[in-house]
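This briefing covers one protein model, with points grouped by topic. Please read it alongside the sequence and the coordinates.

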Amino acid sequence: RSQRTERAWFRGHMASQQVLQTLALHLRNSISPDGKSRQAAEDFLKNAELQNGFSVTILQLVSMKNIPAQPTRVAGAVILKNFVKKYWVVGEDEKDRIHPDDRNRLKKNITDVMLNSEQKIRTQLGEAIHLICKQDFPAKWQGFLPDIISKLKQRKDAATISTVLEVLEMVVRRYRFEAASNRLWEEIKFVMDNFQDTLLGILEYLTGMIDGQKQNAAALASIFKCLDTVCQIFYSLSSQTIPEYFEDNINKFMKCYMYLINYYNPLLTPRDTDEPGPLENTKGGVCDIVRLYANKYDEEFKNWVPKFVENVWSMLTKTDEKGMYDQVVPKAIQFLTAVVEKEWHKNLFGNAQSIKVFAEKVIIPQLKLRDSDLEDFEVNGIEYLRRDIEGSDSETRRRTTVNFVRGLCKFFEKEVTLILQGYVDQQLKLYQSNPSKNWMAKDVAMYIVVALAVRGSTRAKGATQLNPFINVAQFFSKQVVPELKGNIKENPVLKADCLKFVAVFRTHLPVEAYLALLPIIARYLEHPNYVVHSYAAISIERMLAVKERGKPKLTKAHIKPFVKPLMSGLFTIFKHEESTENEYGMRAVMRLCSTGEEVLASITGAVIENITSILSKVAQNPRNPHFNHYLFETLACLINNICKADKSAIGSFEKALFPPFEQMLGMETCQEFGPYVFQILSQLLEKHTRMTGPYKNIFGALLHPQMWANKGNIPAMIRLLIAYLRVDHTIVGNKIEGLLGIFQKLISNKREDHHGMALIGAIIEFMPLEMWSKYATTAFGMMFARLSGKSKTQKFSCNFVSLVAFFCHKHGADTLVNLINAVQKGIFPELATQVIIPNIQYVQGDVERKSCAVGMVDLLCKSSTMLSAGPAWLQLLIAIVRLFELPESNTYEEEDVLDVSQRGFKTVYCRLAFAPEVVHDPVGDIADAKKYMAQGLASLSQKMPGKVPGMIAKLEPNYQNAIRQYLQGAGVSLQ
C-alpha cells in the first residue's frame, strides 16, 4: 500500500481488522531477533505514531484478547506508554502531536483496558495513566478519580484492588516532594473528597481479611501487597499537611496500623531470600507513617506515640541480620529517632536502664558488620562506600543507628555518652585481646565514638560541633594513628574506618597532624581494596580542602615534599579494575592540583600524560559523570595554575590536548564530553593574543548545524566563538552568515536566546560594522519579531536593552536609531518608550548595568532623534537615574529561569569552576558611569544653553538631587 493509504488507517474511530492485523505484525516484528525485520517494524511505527488515531488504535489492539498477550499486546502497551511519555506534554514552541479527540478517547478507555488486561499489560498502562495524570489531573481529567473508584467498588478482587491502588499511588506520590501551593492543596482536597472514605474502607476491609486467610500464603501476600500500597497513599496524602478526614479518623487508621506492625505469620517470612516480602514492606510503610506523624503532627498523634514506641521496639527485637529486614529496621529506628528528639517524649527514653537496653538490643547489634556487608566491602566496594560515606542519605541499619544515638544525645548527652563509653571500652578490650580475630569489635567501637562525638556536621566541613564528653584527640592518637601506621594488609575494614575518621574530624586536627598523616595515608592509595584506597583519596582531598580564616590550612609550601608520592599514588588508583573511573581519586587529583599550583610544574607533563590516557579510555564508554567532571576540572586547574606562572606552557597543553579532543568530538560514545572540551578550548584560546593554526583549522567545523544540535554544547560553544572574535575577528572571513544563522536559531528559543544575544553582542563589539552591516537590519528584524510576538519575555527584553545600549556606545546613538528605523520606518520612538526605557531598571549584572548606563547616556545626550522626543527624553533620564540609585531587581518570569544542569548521561552543560569565563567590561574606556552622565549632560547644555536645566527642573526633587550630586562629583555644571 502507498504511504498515504497507511496514514489514513489511523484516523477512524475504530480501526479495521486489516489495520489491526498489520499493526500486530509490526509490533511482533519490533522485538524480532532478525535485525532487518525489526528495523522495518520500527520505521513503520515511528512513521505511524505521528498520525491521528495511532494511540487509540494501539489501545484497541491491546484490549483484544484474541491476540496473544506475549509478545504482541505487551509490545503494544509498551509502545503506547512510550508514546504518551514522548508526546503528551507539549513543550514550548512545539506542535501538539496528539489530536484532542485522541486525547479524550484515550482517557475515556485506558482505565477499562488496564483493569481487564494481564499483569504485564496492566503495569505498562498504569504507567501511561500516571504520565497522563501528571499533566491533566485533575483539571483536564476530573472524571478519572470517580471512574477508577467506582471500578474499585464494583470489583473487590485482589488484582483489581492492587492495580487501582498502584495507579493512584503513582498519581499522589509527587505530593511528597512538590512545593506547597494553593493549587497543590486544592488538588489534594479534590483527591480526599473523592477517595477518603474509600481509602479507610479498603484499609479496614483488607485488615479484616487477614485472619480469615492466615493459612493461605498466596492470599496473604496479595492482601499485604495492597496494604503496603494503602500505606504509601496515606503517607503521600499526609505529606503536605494532615487532612481533616485523617485527623477526625486518626484512631481508626492507627488501630489498623498498630495491628499491622504487630502481625506475624511464618508463611510470610521466607527463609531462602534476602528480599523483603509484602509483610516487611507493609511494616516499613507503617513506620514511615508514624515517623511522619511524630515529626509533623505531634498534637494529633501524641496519644499514640507511647503505644507505637513500645510496639515498634518490640518488632525490632524480633528481627535479625537477614537482608529481608534491611528496609524495615532502618525505618523503625528512624521512627524512634523522631520521637527521642522531641522534648515532650524524652521521658520514654531518659533513664539509664532504658539507654542500656537500647545499647544492647539495638545500637550494638545494628552497628555490627554482617556477612553481606563484608561481602560488599570485598567485591562491591562502590556500593559499600556509597552507603557508608559520611553525609550519605542512604537509609542503612548502621546510618540510622548512628542518627538514633545522636538523637538520644540531644537531651541526655552526658548520660548516654558515659553509658556508651563503657561499651566502647568493652569492645576495645575485646579487640586488644585478639586483634586478628576480634577486629570487628573495634569497628563497632569506632562507629559508636563517631556517633557520640559529632554534634553537627556538613558535607563541606565534616564534624563542625563536638560532644564535650568525648576526647576525640585522645581517641585519634591512641586508636586511629597507630592503626594507620600498622601493616596496611591487616584488617582492611579498620583501616577504612580510620581513614574515614580522619575525613570526618579533619577540621579539628592541627596542621602538624596533617603533615604527619600525608605520608602515612599515601601508602593506602596503592591498597588493592576499593573502599580503602577510596577513603585514602577522600581523606587527602578533604584535608586539602580545609580552610582557616578563608585560607587553605595546608598550603602549597606544606605539601611540596609530598606532591610526587601523592600524585603517583592517586594515579595508581585508576589502574585497579573497579576504580578505573573512581570519582574520589580524581577529585583528590583535582584538589592536589588546585592547592599545589606552580609547585606541580615539575610533574605537569606526567599528569597531563596520565589524564589524556584516561580520557582516551573513558571516551570509549563513559560511565561516571562525576568522574568525568573532576577529570576536566583537573585539566582546567592545571591550565590556570601552570600558564599563569609560565605563558609558554599554553603551547604544551594545546599540543597534548588537541589530538584527543578532536578524536572525542568525532565519537558517538562520548557526546557528553563536548561541553567540557569546548570550555577547555575557550580557556586556552582566551590566553592568546593572536590566532594560531590549530584554532583556525577547527573554526569552520564549529559552525556546522550538527554541533549545535546538542543543547549542552551551546553555552561553551558560544563562549568559544566569542573568544575567537576577541582574539582575531578576521577568522570569520566569509562565514558571517554562519554566525548569524546560529544567532537566529538561538533567539528563537526562550531558554537559549541569551546565548544568541551574547553572540550578536560579540559581533557588534569585535567586528567592524562594515563587515556585517548588510545583515544588520535582518538581525534586528529577528529581534523585533521576538519582541512583538507571544514569545516575548522580560529576559529577552533586558538582553535587547543591553545590546542596543552597547551599540550606541560602540557605533553611535544616531547610527542605532537609523538602523532601527531602517527595519521599520519611524519605529524607534515607539520602541524606546515601550521596550527600551521600561526595561532599563531590570538589566542584571554589575558589568551589564554599567554598560547599559553608558550606552543610554549616549542615547540621551548624543542622539538628535532622542533630543527631539519630548517626554521620552525625560523618561529616559529618569530610567538612567533609577538604574544608578535602585538595587538590582530580579523579576524574570518563572518560564525564563534556565533549567539547572543535572549530572547524568545525556549531554548537559556543567560549568567548570577552574575555567571561569573572562570578566570583560565592554565599556572599559569609561571608569565612572555617573561621571560620564554628568559630563554628557554638561556637554549637551553647552550646545543648548538653558534647555537642559529647564528639562531637569520638571523632575521630582529626588531625581534632581541625584543629578546634582553627579554634576558635583564630576566637577561640571549645566548652562
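Tyr293 touches Phe234, Ser238, Ile242, Phe246, Ile250, Met254, Asp298 and Phe301, leaving aside residues up to four places away in sequence; a contact here means heavy atoms within 4.5 Å. The model is predicted, so local features need pLDDT of at least 70 and side-chain atom pairs count only at pLDDT 80 or more, while totals for chains, interfaces and linings use all residues. Residues are numbered from 1 along each chain as its sequence is written, and side-chain values use heavy atoms, with hydrogens and water left out.

**Nonpolar core**
- Tyr293 is also among the residues with the most contacts inside the largest nonpolar core, together with Tyr257, Phe301, Phe800 and Met856.
- That core has 360 residues; a nonpolar core is a set of buried Ala, Val, Leu, Ile, Met, Phe, Trp, Tyr and Cys residues joined through side-chain atoms within 4.5 Å.
- Helix H21 (residues 397-433) supplies the largest share of this core, 13 residues.
- In soluble globular proteins, nonpolar side chains tend to be buried together.

**Helix H13**
- Helix H13 (residues 250-262) has 13 residues and reaches 18 Å from its first C-alpha to its last, close to the 18 Å expected at 1.5 Å a residue; the expected span is 1.5 Å times one less than the number of residues.
- Its buried residues are Ile250, Phe253, Met254, Cys256, Tyr257, Met258, Leu260 and Ile261; buried means under 20% relative accessible area, exposed over 50%, and partly exposed in between, with a 1.4 Å probe and protein chains only.
- These buried residues pack against helices H10 (182-209), H11 (217-238), H12 (244-248), H14 (278-296), H15 (298-301) and H16 (305-317).

**Helix H39**
- Helix H39 (residues 794-811) has 18 residues and reaches 25 Å between its end C-alpha atoms, close to the 26 Å expected.
- H39 is mostly covered, with 16 of its 18 residues buried.
- Gly812 follows H39 and has a positive phi, near 105°.

**Backbone exceptions**
- Most residues other than glycine have a negative phi, and most peptide bonds are trans.
- The peptide bond from Gln70 to Pro71 is cis, with omega near 0°, and Pro71 lies in helix H5 (residues 69-87).
- The bond from Phe137 to Pro138 is also cis, with omega near -5°; Pro138 lies in the loop between helix H7 (119-136) and helix H8 (144-154).
- Asn491 is not a glycine but has a positive phi of about 45°; Asn491 sits in the loop between helix H23 (472-485) and helix H24 (492-504) and is buried, with a relative accessible area of 16%.
- Glu597 has a positive phi near 50°; Glu597 is in the loop between helix H29 (583-596) and helix H30 (604-618) and is partly exposed, at a relative accessible area of 26%.

**Whole protein**
- The protein has 47 helices and 4 strands; helices (H or I, at least four residues) and strands (E, at least two) are DSSP runs, numbered from the N terminus.
- Of its 975 residues, 55% count as buried.
- The C-alpha atoms fill a box of roughly 100 × 80 × 65 Å along the principal axes.
- Among contacts between residues at least 6 apart in sequence, 74% join residues at least 24 apart.
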